[in-house]
Amino acid sequence: MNKLAERYTAVLNRIHNAARRAGRNPDDITLVAVTKTWPVEVNLAAYAVGIRNFGENHPEELARKAEAVATKLGADSGIVWHQIGVVQSRKTKLVAQYADVLHALDRLKIANRLSRQLADNDKILPVFLEVNLSGEASKSGFQCTRWEEDATQQADLRKVVEHITNLPGLSLYGLMTMAPWHVEEAIIRTVFRRTRLLAEWMQDTFPVIQEPLHLSMGMTDDFEIAIEAGATHVRVGRAIFGERNYSY
Ligand SMILES: *Cc1c(COP(=O)(O)O)cnc(C)c1O
């Protein structure tokens with residue numbers, strides 16, 4: 001087996017074991033392989049070992065790779081492109097055209113622009129709302145730092161959800177969160193568990209939500225903790241591809 005296949009298999013095994021520990025079905029967890037900064041040859045090598053879900057941070061990079069991969073493998077490759085980073089206004093068109101899933105919807109302005117552009121493409125884009133539970137200023141997302149007791153945060157979230165579920169072209173697919181950096185495991189675990197409880201509360205409280213919400217949480221350093229807390233999508237880069245190549 002080559003190095004990439006070995007690392008990929010190791011990550012799949014870790015996902016499997018974490019799911020089993022939590023009494024969950026490993027098939028309910030999607031591994032999004034994060035290829036940001038790597039050249040498109042890495043995506044093709046990953047495809048060859050069976051990877052179909054790719055995550056990118058920057059819409060230009062996603063668009064460039066999606067074009068290149070489609071040229072090489074055709075339109076029926078089965079690849080799903082995940083835009084995992086926050087999107088700036090002037091980049092929404094690329095997301096509307098090339099992304100299959102958006103993990104980091106953090107502002108209504110972006111939702112509105114995407115909705116108009118998706119309508120032109122006759123496409124439905126599943127979106128995760130990014131939620132900030134840790135309160136770290138470096139984290140984007142809707143403020144849910146005290147959602148359990150803060151009626152204002154709850155009311156704001158309700159407005160966001162109602163707005164998005166009414167927009168053509170977008171379908172509310174789940175919540176995405178990032179754990180705080182450099183903190184002990186117990187704090188990370190709490191952020192992930194509170195995010196799952198938030199999703200459950202939203203499903204119970206907002207009638208416009210008709211499908212169970214998915215949970216995008218967990219990266220190389222914390223994906224097993226996230227799975228134990230209920231993640232359905234983990235976004236893993238370094239554990240599969242090694243330390244990132246920033247010289248591109
Ligand atoms: C880079 C990135 C990841 C993957 O990080 P690793 O530590 O390489 O697993 C996941 N999610 C987002 C939003 C990212 O930007």
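**A pair of helices, up close**

Helix 5 (residues 108-121) packs against helix 6 (residues 151-165) at an angle of about 5 degrees, and their axes lie 10 Å apart. Axes here are lines fitted to C-alpha atoms, for helices over the stretch in contact, with angles running from 0 to 180 degrees between N-to-C directions. Helices are DSSP runs of H or I with at least four residues, strands are runs of E with at least two, and both are numbered from the N terminus. So helix 5 is roughly parallel to helix 6; angles under 35 degrees count as roughly parallel, over 145 as roughly antiparallel, 65 to 115 as roughly perpendicular and the rest as oblique. Leu108, Ala111 and Asn112 of helix 5 touch Val160, His163 and Ile164 of helix 6, where contact means heavy atoms within 4.5 Å.

Keep in mind that this is a predicted model: local features need pLDDT of at least 70, side-chain atom pairs count only at pLDDT 80 or more, and totals for chains, interfaces and linings use all residues. Residues are numbered from 1 along each chain as its sequence is written, and side-chain values use heavy atoms, leaving out hydrogens and water.

Now for another pair: helix 2 (residues 40-48) and helix 3 (residues 59-73) pack at an angle of about 50 degrees, with axes 10 Å apart. That makes helix 2 oblique to helix 3. On the helix 2 side, Val40, Asn43, Leu44 and Tyr47 meet Lys65, Ala68, Val69, Lys72 and Leu73 in helix 3.

Finally, Lys139 sits in the loop between strand 5 (125-132) and strand 6 (142-143).
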